[in-house]
Structures are given as C-alpha cells and as structure tokens.
Amino acid sequence: MSNNQEQTFALKDKLRELVNTIVEGDDFNLHAADEAITALSVLRDLKSSASFSSKFDRLSVPVPPQFRCPISGLIMTDPVILANGQTYDRPFIQKWLNEVHRECPQTQHVLSHSILSPNYLVQDMISRWCKEHGVELPMPVGELDNGEPTEAHKYRLRSLLHKLSLSALDQKEAARELRLLAKQMPPFRTLFGDSEVIKKLLSPLSKGVACIDPELHEDLITAVLNLSIDDNNKRVFVEDEKLITFIIDSLKSGTVQTKSNAAAAIFSLSAPDINKQIIGKTGAIKYLVDLLEKGHPSSMKDAASALFNLCIAHENKAKTVREGVVQVILSKIIVDHVLVDEFLALLALLSSHSKAVAALGSHGAVPFFMDILRDSNISDRSKENCVAILYIIFFNDKTKRKEIRDDEISNGTLAKLAECGTSRAKRKACGILDRLKIAQSSKHTT
C-alpha cells in the first residue's frame, strides 16, 4: 500500500469519527466542523496531488501538497484553520491578514472573523509523514521578509488583471482591490515592473478615460500612484507611453481626487533626476499649471508639489514659466490667499531662471513681495522665500532697483527683516541693503 493510500484511509477514518460526532451527538463544537472540512479538503488534494519544487523534492516521495502552505509553498510548521476552513501556516496567513484585512487569499471571500484555530489533524499528519520518510520537520518560521512577494500575491495579481478584462462591474471590483493592495502591501508593488502587467492594468482604458466609469478611473489612477512608491517601478512607469498618457489624461478629466492623485503620481515618479527630464518632455507641465489655475485646493497642492519636483531640473523651469505659472501663482496668492507657503517656495525655485525673473518683473511682483514681508501673519518660511526672490530680482533686473529702493526709504521693510528675520532672511536683506547704499553713494559722487 502506498503512502498516499495510507493517508487516504487515515483521513477517511478520522472523517468518519468527526462526522459521527457532528451528526449523532447532541452538541458539537466548531472545531470539530472545521476539522471535518479540512479532512475533506485534504482528501480532495490527495486525489490530485502533484509535486512542488522545494528542498523536499529530492525525496523519492514528493511532499503531499496539502502539507504546504498555499501562500509560502513551504511545508507548514504551525498549520491553522481560517474561518472558511482553509488551512495555512500561521506566520504567513497572519501577515496576509494584517495586510489585507480578513480575506482568504485563495477564495478572496471576506472572513466572518480572523481567529486562527490550530489544525491539529494536519499538524499530526505532517509530523508522522516526516517521521516515516526520515525528514526533519522544519523549524517554525520567525520574522518574514517583507520585501518578497509570495505565490499568493502572484496568484491574486493574475486573478485581478484577468477581471480587468471582463465586465464593468468586474473591472471596478478589481481596480478597487488593486488600489488597496498596492497601498497596503509593499511586496505586491514589486510585481508591476513589467510592460505586460502595465498593459493589462490599463486594459479598461481601450476607449479612453472619457468613456470609463468615474469611480473606476479614480481607482486606476490611485493604484498607479500607490504602485509608483516602489523605486523600481518609477523608471518603468515613465518609459511606458500609455501609462504616461493615462496620467496626463487624468490631470485633465475625472473627479477632484482623480486629478489630485494624477498630480501626486507625477510628484512620486519625478523623484529620480532622469525621470524629471523624461516627464518634462511629455507635456505634463502644461496640465499641472492648468490644475494650479482651475483646480480644487487639494489638487492645486499636489500640482504645486509635482511642479516643484520637476523644476529641480533646470530645463523644466523655462517650460513652466512659458505656461504662465508666474501669473497664475501671483493671482492665487493675491486674490485667493491659498497655499502661500507652497506657491512662494515654487516661485523661489523658478526665480533662478532668467525667464522667471522677467515674468516676475512684468507682473508687478516687487510691491507684492514687499507687502508680504510686512505682513505679520505670513510665516518665516514665506518671508525667506520672498526676500530670496527679491534678492535675485534686484541683482538681475536693474529696472526694479529703484522700485525696491523707494519702498525701502518709505517703509524700512528690509531693514526690519535684517534685524528680526531668520538667519537666511537676514543675509538676503543685508545683501540688498548693502548694494542700495553703494548705489546711493555713487549717485551722490557723480
């Protein structure tokens, strides 16, 4: 009699005992029902058992598949039963539940509870099998490597990508789950560094973003944002033309959150210097500036952050100024009084480019900045950026020196900042004041 047959008979005997307890007894506990379900599951697996690849494959008799954890593929050292009767190795299923929240990785069904009951039947069978074949039972798994995706992650991804090619309802369900898994599970993100996976992820967009459900659109762009956190995905994503087109289209249309998350995705993807250059050539800058001008405050903030990141690359500054960002920012601060710190930081970064200096001068920025320096409600950070911009204007646009000098004579704004400002603000204010004194001195000597 083969080992497989012996296990089958032992399981049948155990199942008879359990069924008799459940059917004939006046009462029975849930553990007996769970064990009966597990026995049936193991019998099913034995019927179609196949060998798995692991260190046990060198044995003449393969490890029965029902002894392996469906998540790790390793022989179980602490088998436990989920609420739906499925058995897993405790450390792996516990990690899964912590990340995914009460969902079975095999069936994807929501569990009624997350209590893990020891599966003594399977544990005893594994112990006896190891003893019969002279195999040392592995030590229990301790700390898990959070960086490596498991077979369960890969299986779930395949399932979800398939659902994205089905009905509209299937697509929405799959996109929603992809969004959550990409947010909660770092190992899951590592499975997307492949053009074929990206192609399947974008399969609902065959007719363009204007034709898809707004909720599906939002979930897909949010999934892209969450996946972009992985450093290895950043280069792959920006080099995928369809994905970049999807992000730019999402900046132009969709819900407020869709636009905001599209801008946030550009911010995330533009972290590497090479990506700043690539994204700068895609046309994304124009739509980020449009979002600054017409967007909701939450999406404006993400757009400003994305533009700031992109403009760290000097070649993107001229493109951003050319799209009218200086005028847009000045209007937003002066008229709407929104995102003052963020917008002034972006202007300070842009002001290192001559085109930005010219745009600031032509849009009357000098008196505006002087007013900000006198405003007691403005943060030190904003005042630092204001005087830094004024410093650049003063030394690069001679036509504005008289305007700054006249304001200083009337209000003593820079003198006050040189006395009471932060160390950086003091340095910039003193630099302007020193030059003003030289200019006045040389005027009197001519």
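## Largest cavity

Helix H11 gives the most to the lining of the largest cavity, with 3 residues. Helices here (H or I, at least four residues) and strands (E, at least two) are DSSP runs, numbered from the N terminus. The model is predicted: local features need pLDDT of at least 70 and side-chain atom pairs count only at pLDDT 80 or more, while totals for chains, interfaces and linings use all residues. Residues are numbered from 1 along each chain as its sequence is written, and side-chain values use heavy atoms, with hydrogens and water left out.

A cavity is a set of points, on a 1 Å grid over the protein atoms alone, where a 1.4 Å probe fits but cannot get out; lining residues have an atom within 4 Å of a point. Grid points are joined across faces, edges and corners, and a volume is the space filled by probe spheres set on the points. The count by this rule is 2 cavities of 30 Å³ or more, and the largest cavity holds about 40 Å³ of space. Its lining consists of Ile-244, Ile-247, Ile-248, Ile-266, Leu-269, Ile-279, Thr-282 and Ala-284. Two or more of these lining residues come from each of H11 and helix H12 (256-269). By class, the lining has 7 nonpolar residues, 1 polar residue and no charged residues. In this scheme Ala, Val, Leu, Ile, Met, Phe, Trp, Tyr, Cys and Pro count as nonpolar, Asp, Glu, Lys and Arg as charged, and the others, Gly among them, as polar.

The structure contains 21 salt bridges, each defined as a side-chain nitrogen of Lys or Arg within 4 Å of a carboxyl oxygen of Asp or Glu. One of them joins the side chains of Arg-179 and Glu-218 at 3.8 Å, N to O. This pair links distant parts of the chain, since Arg-179 lies in helix H6 (residues 168-184) and Glu-218 in helix H9 (residues 214-227), 39 residues apart. Arg-179 also forms a salt bridge with Asp-219, at 2.6 Å, N to O.

Residues are called buried under 20% relative accessible area, exposed over 50% and partly exposed in between (1.4 Å probe, protein chains only). Arg-179 is buried at 16%, Glu-218 is buried at 18%, and Asp-219 is buried at 8%.

Asp-249 and Lys-252 meet through their side chains in a salt bridge of 3.5 Å, N to O. Because they are 3 residues apart in helix H11 (residues 241-252), about one helical turn separates them. Asp-249 is partly exposed, with a relative accessible area of 23%, and Lys-252 is partly exposed at 43%. Elsewhere, salt bridges that share partners join Arg-176, Arg-179, Glu-218 and Asp-219 into one network.

## Antiparallel sheet

An open sheet is formed by 3 strands in the order S2-S1-S3, with antiparallel pairing. Its edge strands, S2 (87-89) and S3 (117-118), each pair on one side only. Two strands are taken to pair if DSSP finds at least two bridges between them. Strand S1 (residues 79-81) and S2 run antiparallel and are joined by 3 bridges. Within S2, Tyr-88 is the bridge partner of Val-80.

How values were computed:
On a 1 Å grid over the protein atoms alone, a cavity is a set of points where a 1.4 Å probe fits but cannot get out, and a pocket is an open set with protein on both sides within 12 Å along at least five of seven lines; lining residues have an atom within 4 Å of a point.
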